[in-house]
Amino acid sequence: MPGIVVVGLQWGDEGKGKVVDILSSKADIVVRSQGGNNAGHTIIVSGKEHRFHLIPSGILYPRNVCCVAGGTVIDPSVLSQEIDLLIAEGVPLENRLLLSPYAHVIFPFHRELDALTEKKKGAAAIGTTGRGIGPCYIDKAARIGLRLADVIDEASFKEKLERFLAIKNHELRALFGHPGFSLDDIYPSYASWGRKLAPFIAPVEMHIVNSLQEGKKVVFEGAHGALLDLTYGTYPFVTSCSTFASGVLGGASVGPRMDVQTIGIFKAYTTRVGNGPLPTALSEHERKQFPDARTIREVGTTTGRERRLAWLDIPLLRYAASLSSVSCLAMTKIDVLDSLPMLKLCIGYRLQGELLAVPPVRTEEWEKIEPVYEEIPGWQSDTRGITDLEKLPGNARRYLEKIEALLELPISLVSTGPDREQTILLHDLL
């Protein structure tokens, strides 16, 4: 297939970066098209760790062209740092990193508004990353934001920024008593970043569409997880963009007639960072059976916050896979479960005595649902680094088969460790 969308089926942190990295070995184009530097992908190659927040992780393969499309929001300071790190490591970027002029730009006042708004919410805070993503998307929707196209135009940027800043300073002062920012606080550094990023600006969206029409292999790197979708996630504990496959494609201006399929990524269990519902959360006793959070890499790439752990949630996976038209699955971190004598698998929800066919909508209902569990025997055997399905312990294979049967979808990839080589590939995905 020419195109494949990689989406997370939980609350993010599913291991999409590793899957994209594996797919990128055969891809021509790798695309990031929604969210901002509130997302983070960690790739481990031969024991060396690479972290990305904006640049697609496919950049590590020299043959790939990596595109940051117009649906994203970009903090130039973060993007500049990523570019510098890649150059320092000898990764070629010329004609390989393409930035859409349509992408909106994050400014210091966006980050300040993010923090102040969260503080104002008090106990109702949703636990944002504080990177200014939501306020930037707000200004985009309000049609007052600035895009990369504006920042790289030295003839008009200063005047546009001055008008924009007047609006945002009024907001900061009126709502929060904040003194605001001066033009001199912002303009010089952003003008400098504009000059630095200008050589990478290109007609990204047309490049992507033309590549698909030519039959080139394009990987769309989804950010966040399905349950963080602004419309269909666990609102209001969500992100500020669409995280389903349609949102990923829309952010790259790819229409429904293109030959694109979707792979859904999920962990062998469930995690969540920040606030919000987590129906299958581990009890204190169950948490003690799991390894330490840092040992199993359950600390956020972007925030450094420890993630909450939970049992695998089939109703959520079924819901997310359905809304993204997922055609196959990838399971990550099966090795984390190696030491457990017994696993619990949530196969349904009960709300006020009634079984639910789909997850609830309102927060109040999320807080009241009771998971319906099925217990599955563990394997208590080391799966780390296994690359052949037949070499997995019998109970581990039965766990995979049970999930496939419940979701009525094939598992095409199983990750048995963080390194790209620690993978069982069951079907050719590109």
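## Basis of the model

Residues are numbered from 1 along each chain as its sequence is written, and side-chain values use heavy atoms, with hydrogens and water left out. Because the model is predicted, local features need pLDDT of at least 70 and side-chain atom pairs count only at pLDDT 80 or more, while totals for chains, interfaces and linings use all residues.

Two packed helices are described by the angle between their axes and the distance between the axes. Axes are lines fitted to C-alpha atoms, for helices over the stretch in contact, and angles run from 0 to 180 degrees between N-to-C directions. Helices (H or I, at least four residues) and strands (E, at least two) are DSSP runs, numbered from the N terminus.

Helix H2 spans residues 76–88 and helix H7 spans residues 183–197. Their axes lie 10 Å apart, at an angle of about 45 degrees. H2 and H7 are therefore oblique to each other. Angles under 35 degrees count as roughly parallel, over 145 as roughly antiparallel, 65 to 115 as roughly perpendicular and the rest as oblique. H2 crosses H7 in a left-handed sense. A crossing is left-handed if the near helix is turned anticlockwise from the far one by less than a right angle, and right-handed if clockwise.

H2 brings Pro76, Ser77, Leu79, Ser80, Ile83 and Asp84 to the contact, and H7 brings Tyr190, Trp193, Lys196 and Leu197. Contact means heavy atoms within 4.5 Å. The residues of this contact of H2 with H7 comprise 6 nonpolar, 2 polar and 2 charged. Here Ala, Val, Leu, Ile, Met, Phe, Trp, Tyr, Cys and Pro count as nonpolar, Asp, Glu, Lys and Arg as charged, and the others, Gly among them, as polar.

## Helix H3 against helix H4

Helix H3 (residues 108–121) packs on helix H4 (residues 133–141) at about 115 degrees, with the axes 7 Å apart. H3 and H4 are therefore roughly perpendicular. Their crossing is right-handed.

From H3, His110, Leu113 and Asp114 meet Ile133, Pro135, Cys136 and Asp139 of H4. The contact of H3 with H4 has 4 nonpolar, 1 polar and 2 charged residues.

## Helix H11 against helix H13

Helix H11 (residues 314–323) and helix H13 (residues 394–407) pack at about 55 degrees, with their axes 10 Å apart. H11 and H13 are therefore oblique. The crossing of H11 and H13 is right-handed.

Ile314, Leu317 and Arg318 of H11 meet Ile403, Leu406 and Leu407 of H13. That contact of H11 with H13 holds 5 nonpolar residues, no polar and 1 charged.

## Backbone features

Most residues other than glycine have a negative phi, and most peptide bonds are trans. Asn95 is not a glycine, yet has a positive phi of about 60 degrees. Asn95 sits in the loop between H2 and strand S7 (97–99).

Tyr235 and Pro236 are joined by a cis peptide bond, with omega about 5 degrees. Pro236 lies in the loop between strand S9 (218–225) and helix H9 (245–250).
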